[in-house]
Amino acid sequence: MASTSTPDFTRPLVLFGPSGTGKSTLLKKLLAEFPDKFGFSVSHTTRSPRTGESPGVAYHFTDRPTFERLISEGAFIENAEFSGNRYGTSAKAVQDFEGTGRRCILDIDMQGVHQIRTNHPHLNPIYLFISPPSFASLRTRLTSRGTESPESLQARLDAAKGELEYAVSEQGKADVVVVNDDLERAYGLFKRVALGEVMGEGEGDSVPGDL
Ligand code: ADP
Ligand code: 5GP
């Protein structure tokens, strides 16, 4: 059932979920459909750009010394090591949307989610877990995306186990879950969450029990 309260776009939306579950795909569709309603928090990363990823749009691509200098300067509200690379959300990436009327959307891993929950509760985001329909689908999707070496594929699948465990744990539980099974169905629900029409547990999907 849709929530009757007014959507509060000052609350950021934090997406998390295993690599390959479809977070970027869903986000890209949303930003294309509503170019004026949402703003993507552009993270810093030390990983190399993939084909089609523009600097400053997908990520701020940077080297490790620069990343570490930014940490020491206190630039990040959270940061993590994931699959051999550093990732972090700068305070600026989120602040850029304050007062603009746009809802800020973050796409971060579980370490980042934990740090925001612990250190920045005032951000008061909605936490949205994007679940795969099955564990096997992650390997298929990551392989078909064609972006990963065998080592990086394995590192992502290893990390995925932790992401799934976190999402079903008491401390990691999301406000809403979207299972990205059929893309159009999942996008329909994702869109309603982003627009603030679906905000709480019981209004979204459930994490499949056999993951
Ligand atoms: P993430 O950002 O979570 O790592 P991506 O958005 O890059 O994941 O998606 C991983 C791969 O899965 C991409 O090749 C994408 O086209 C594909 N994909 C995304 N959603 C679906 C879906 N619902 N069904 C099948 N394939 C999907
Ligand atoms: P990818 O390399 O596939 O773009 O991202 C790998 C993982 O890093 C994904 O789980 C993604 O959500 C996460 N990630 C991207 N940006 C950030 C960030 O700024 N902080 C954290 N903690 N994780 C991030």
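1. Start with Ser43: one of its polar side-chain atoms lies 2.6 Å from an oxygen atom of ligand 2. Keep in mind throughout that this is a predicted model.

2. Tyr87 does something along those lines, with an N or O atom of its side chain 2.5 Å from an oxygen atom of ligand 2.

3. How much of ligand 2 does the protein cover? On its own, ligand 2 has 500 Å² of accessible area, and the protein covers 96% of that.

4. Now for the shell. Ligand 2 is surrounded by 16 residues, and the closest are Ser43, Arg47, Tyr59, Tyr87 and Asp107. Sorted by class, that shell has 7 charged, 5 nonpolar and 4 polar residues. As for secondary structure, E5 and E6 are the elements that give two or more residues to the shell.

5. Where does ligand 2 sit? In the largest pocket, which holds about 1200 Å³ of space. The pocket is lined by 44 residues, and those closest to its centre are Ser24, Arg50, Glu53, Asp107 and Arg145. Asp107 deserves a label in any figure: it is on the list of residues closest to the pocket centre and also on the list of those closest to ligand 2.

6. Which elements give two or more residues to the lining of the largest pocket? They are helix H1 (23-33), strand E5 (76-82), strand E6 (85-90), helix H5 (135-145) and helix H6 (150-168). H1 gives the most, with 6 residues. E5 and E6 turn up here and again in the shell around ligand 2.

7. Searching the whole structure turns up 1 cavity of 30 Å³ or more, and the largest cavity has a volume of about 40 Å³. Its lining is made up of Pro7, Asp8, Phe9, Arg103, Ile126, Val193, Gly196 and Met199. By class, that lining comes out as 5 nonpolar, 2 charged and 1 polar.

Terms used
Residues are numbered from 1 along each chain as its sequence is written. Chains are lettered from A and ligands numbered from 1 in the order in which they are written. This is a predicted model: local features need pLDDT of at least 70, side-chain atom pairs count only at pLDDT 80 or more; totals for chains, interfaces and linings use all residues. Side-chain values use heavy atoms; hydrogens and water are left out. On a 1 Å grid over the protein atoms alone, a cavity is a set of points where a 1.4 Å probe fits but cannot get out, and a pocket is an open set with protein on both sides within 12 Å along at least five of seven lines; lining residues have an atom within 4 Å of a point. Grid points are joined across faces, edges and corners, and a volume is the space filled by probe spheres set on the points. Helices (H or I, at least four residues) and strands (E, at least two) are DSSP runs, numbered from the N terminus. A residue is near a molecule or strand if one of its heavy atoms lies within 4 Å of it. A polar contact is a pair of N or O atoms within 3.5 Å; within protein, one must be able to donate a hydrogen and the other to accept it, and residues adjacent in sequence count only if both atoms are side-chain atoms. Accessible areas come from the Shrake-Rupley method with a 1.4 Å probe; for residues, only the protein chains shown count as cover. A molecule sits in a cavity or pocket if more than half of its atoms lie within 2 Å of its grid points. Ala, Val, Leu, Ile, Met, Phe, Trp, Tyr, Cys and Pro count as nonpolar, Asp, Glu, Lys and Arg as charged, and the others, Gly among them, as polar.
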